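Welcome, and please open your viewer.

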Amino acid sequence: MTKKILLIDGMALLFRHFFATSLHKQFMRNSSGIPTNGVQGFVRHVFTAINEIQPSHVAVCWDMGKSTFRNDMFDGYKQNRPAPPEELIPQFDYVKEVSNQFGFVNIGVQNYEADDVIGTLAQQYSDQNQVYVVTGDKDILQCINPNVEIWLTKKGFNIYNRYTLDRFQSEYGLNPLQLIDVKAFMGDTADGYPGVKGIGEKTAIKLIQNHGSVESVLNALDQLTPGQRTKIEANIDNLKLSKTLAEIHTKVPLNTVDLLDKMQFGTELTKILNICKEHELYVSGKYLSTHFS
């Protein structure tokens, strides 16, 4: 029987709600003084998706530290990001504890990003199952296939911007893996890799639509406008490096067979509400009981 597998970018949801509420200093501290605002948002995001998808299996994927194999390739990778606020730091472990109690499998692998773990699991499991990915990172769109659907977070915590393969191809005029080539030209200021200075998303998409790949563009420089050719020739090394950094690694060493058995999800709402109460996640508990009971 085809399984419905939900893969969640845990850090994306934690960060999103933390910063949305910390803007107004709404840290929602529990009786021990620990902030819970990010955790509360994580809970609401996840169970909104679970309510809509009704998955048979759930895993939450996490980044494991600041340094990955991409930092070995490029020192500047994600090094421009500020240190996390002090109110967020205790929530990193706290959210994983709560996630585990809910019956979710927490997965993180040293030297890899959560995107790499998600990409690996999505590729492996989508052969015979339907896979849903909840994240805030559009980079994961490169992992779409006929059996992988990406749900991107939008404003609030109960609406998702859903991408299927058909929608992606219709909007971009590309195959999902070609997004890697687009990102190679654009670069990524958030991740700190350069791309080609002066080439933005629209031009990058048009180049890949016309030529298919970074390599094909480089083989057809004489067909480009003088401005495009000059920019690319001045940034060839950065372009090649950026393509390597933009690609999600889908060969993370994981025992996907054993993991799938552990990922079976069937925790009753009553137990989930009790866990929320135990951890003083009253805002989340009220939301769940109001919307899903």
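On this tour, buried means under 20% relative accessible area, exposed means over 50%, and partly exposed is in between (1.4 Å probe, protein chains only). This is a predicted model: local features need pLDDT of at least 70, side-chain atom pairs count only at pLDDT 80 or more, and totals for chains, interfaces and linings use all residues. Residues are numbered from 1 along each chain as its sequence is written, and side-chain values use heavy atoms, with hydrogens and water left out.

**First stop.** Select glutamate 113 and lysine 78; both are buried. They form a salt bridge (a side-chain nitrogen of Lys or Arg within 4 Å of a carboxyl oxygen of Asp or Glu), and their closest N and O atoms are 2.7 Å apart. Glutamate 113 is in the loop between strand 3 (105–107) and helix 5 (114–125), and lysine 78 is in the loop between helix 3 (69–73) and helix 4 (89–102), so the pair ties together parts 35 residues apart in sequence. Helices (H or I, at least four residues) and strands (E, at least two) are DSSP runs, numbered from the N terminus.

**Next stop.** Now pick lysine 183 and aspartate 188, whose side chains meet in a salt bridge at 2.6 Å, N to O. Lysine 183 counts as buried because its relative accessibility is 10%. Aspartate 188 is buried too, at 12%.

**Last pair.** Move to lysine 243 and glutamate 215, joined by a salt bridge of 3.0 Å, N to O. Lysine 243 lies in helix 11 (residues 236–246) and glutamate 215 in helix 9 (residues 214–218), so this pair links parts 28 residues apart in sequence. Is glutamate 215 buried or partly exposed? With a relative accessible area of 40%, glutamate 215 is partly exposed, while lysine 243 is buried at 19%.
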